[in-house]
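Try each task yourself before you read its solution.

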Amino acid sequence: MPTISAGPEIERLIQLLARLPGLGPRSARRAALFLIKKRELLMAPLAAALQTAIEKIAVCRICGNIDTQNPCTLCTDPRRDDSAIVVVADVADLWALERAHAINARYHVLGGILSPLDGIGPDDLSIAALIKRASDPAVKEVILALSATVEGQSTAHYITDLLHDADVRVTRLAHGVPVGGELDYLDEGTLAAAIRSRTPF
Ligand code: ZN
């Protein structure tokens, strides 16, 4: 990154910001300047929030969610349905489903998906823990909320095979026409999947 005419502390701030996803050197400089201008209003509260996060944030020992309590809020919530576990690749997917108020069940975060090319095998993911959780008699359904990519689907197949002897129904997300989507804008793969997973009207 080209150096700027500022003190090393400010350069360090810019370099760290530039490591955030979606921020390149230029946006990082803009963000740093914005923070510096809003020292009292934004920078100090942000620094305090980061410090609190460092002290309190933990990975849930049951589901792998990130929270300030362990087990996490979702695992300890008595109003959640114990009979279904929604399996996601990452915490971001869990948060997306929660934002959508999609389902009131429990979750399990794999921590990635199987990817032989990247050297990510079953032991690198939280799969054994999932199979153990699914053997609990209270669990009736495992919902595989994984991406519709080759890796996502092969991870789904792998888990489905392991759950073969467990007394659970294994389901996956429907693939198809997005809500509000127009047919002639869809790619062929999505359209073909939508026809294959058609439902009674
Ligand atoms: Zn949890």
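Below are some exercises, each with a worked solution.

This is a predicted model, where local features need pLDDT of at least 70, side-chain atom pairs count only at pLDDT 80 or more, and totals for chains, interfaces and linings use all residues. Residues are numbered from 1 along each chain as its sequence is written, and side-chain values use heavy atoms, with hydrogens and water left out.

**Exercise 1: the zinc site**

Work out which residues coordinate the zinc ion and what geometry their donor atoms make.

Step 1. Start with the ligands: Cys60, Cys63, Cys72 and Cys75 each coordinate the zinc ion through SG, at 2.3 Å. Donors here are N, O and S atoms within 2.8 Å of the metal (3.2 Å for Na, K and Ca); water is not among the atoms, so sites may look incomplete.

Step 2. Look at the spacing, which reads C-x2-C-x8-C-x2-C along the sequence. Cysteine 60 sits in the loop between β1 (58-59) and β2 (66-67), and cysteine 72 in the loop between β2 and α4 (73-76), so this pair, 12 residues apart, links distant parts of the chain. Helices (H or I, at least four residues) and strands (E, at least two) are DSSP runs, numbered from the N terminus.

Step 3. Check the angles: the four donor atoms subtend 104 to 115 degrees around the zinc ion, so the arrangement is tetrahedral. The cut-off for that label is that all angles of four donors lie between 85 and 135 degrees. For reference, the ideal angle for four tetrahedral donors is 109.5 degrees.

Step 4. Buried means under 20% relative accessible area, exposed over 50%, and partly exposed in between (1.4 Å probe, protein chains only).

Step 5. While you're in the loop between β2 and α4, look at proline 71. The peptide bond from asparagine 70 to proline 71 is cis, with omega near 0 degrees.

**Exercise 2: the sheet**

Find the strand order of the four-stranded open sheet, then see what packs on it.

Step 1. Read across the sheet: the order is β4-β3-β5-β6, with parallel pairing. Two strands pair if DSSP finds at least two bridges between them.

Step 2. Find the edges: β4 (105-109) and β6 (169-172) each have a single partner strand, so one side of each is left without a neighbour in the sheet. Neighbouring strands are turned by 25 degrees against each other on average, direction ignored.

Step 3. Trace the pairing around β5. Four bridges join β3 (residues 81-88) to β5 (residues 141-144), with valine 86 partnering isoleucine 143 and isoleucine 85 standing opposite valine 142. Another four bridges join β5 to β6, where glutamate 141 stands opposite arginine 169.

Step 4. Follow the side chains of β5: Glu141 and Ile143 point one way, Val142 and Leu144 the other, and all are buried.

Step 5. Helix α7 (residues 150-162) touches β3, β5 and β6, at about 165 degrees to the direction of β5. Axes are lines fitted to C-alpha atoms, for helices over the stretch in contact, and angles run from 0 to 180 degrees between N-to-C directions.

**Exercise 3: the sides of α1**

Sort residues of α1 (residues 8-17) into buried and exposed.

Step 1. Glu11, Ile14 and Leu17 are buried. They cover an arc of only 125 degrees around the axis, so they lie on the same side of α1. The arc is that of the directions from the helix axis to the C-beta atoms.

Step 2. On the other side of α1, Pro8 and Glu9 are exposed.

Step 3. Look for the packing partner: the buried residues of α1 pack against α2 (25-37).

Terms used
Contact = heavy atoms within 4.5 Å. Tetrahedral: all angles 85-135°; square planar, octahedral: opposite > 155°, others 65-115°.
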